[in-house]
Amino acid sequence: MRILIINGPNINMLGIREKNIYGSKNYKDLIKYIKEYTKEKDIEIEIYQSNSEGQIINKIQEAYNLYDGIVINPAAYTHTSIAILDALKAVNIPTVEVHLTDVNKREDFRKISYVSYFAKKTIKGKGFDGYIEAIDFLKENYDK
């Protein structure tokens, strides 16, 4: 199974930004955690991060016919990007949306998720473990 993992804006600033919300582990820790798990499970992955909506859309489009699943943490674009939703719908690859925090317990504007209109599942508030749950969900339900 091949899974593309996409992280949106400011995820690369983990460990620096709002430690009271996101904790002290950094983005390299997240990548290492995911890679160790997927290597153990023999799942091929690519991890991608961008602060640019257009680059995220390009990456989703490039995934067409290359990946069996997508795990996406759209970060702030969760609440604003119909274009990312449309890109996911266009490639029609099973997708799981992940958020490190429980966005429903934060500001009201964070309760809106355009990606959730397409995602097979949304995982919130489980930190790094949310990515593992998303990978497992795709493996169990969409492995070819």
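Which residues in helix 3 (residues 53-62) are buried? They are I56, I57, K59 and I60, where buried means under 20% relative accessible area, exposed means over 50% and partly exposed lies in between (1.4 Å probe, protein chains only). This is a predicted model, in which local features need pLDDT of at least 70 and side-chain atom pairs count only at pLDDT 80 or more, while totals for chains, interfaces and linings use all residues. Residues are numbered from 1 along each chain as its sequence is written, and side-chain values use heavy atoms, with hydrogens and water left out.

**Helix 3**

- Helices (H or I, at least four residues) and strands (E, at least two) are DSSP runs, numbered from the N terminus.

- Five strands make up an open sheet, ordered 2-1-3-4-5, and their pairing is parallel; two strands pair if DSSP finds at least two bridges between them.
- At the edges sit strand 2 and strand 5 (121-124), each of which pairs on one side only.
- From one strand to the next, the twist averages 15°; axes are lines fitted to C-alpha atoms, for helices over the stretch in contact, and angles run from 0 to 180 degrees between N-to-C directions.
- Helix 3 packs on this sheet, touching strand 1, strand 2 and strand 3, and its direction makes about 160° with that of strand 2.
- Strand 4 (residues 95-99) and strand 5 run parallel and are joined by four bridges; here H99 has K124 in strand 5 as its bridge partner.

- Five bridges link strand 1 to strand 3 in parallel, and L4 stands opposite I70 in strand 3.
- Three bridges pair strand 3 with strand 4, also in the parallel sense, and I72 stands opposite E97 in strand 4.
- From strand 3 the chain crosses through helix 4 to strand 4 in a right-handed β-α-β crossover: with the strands pointing away from the viewer, the path from the first strand over the helix to the second runs clockwise.

Technical notes. Contact means heavy atoms within 4.5 Å.
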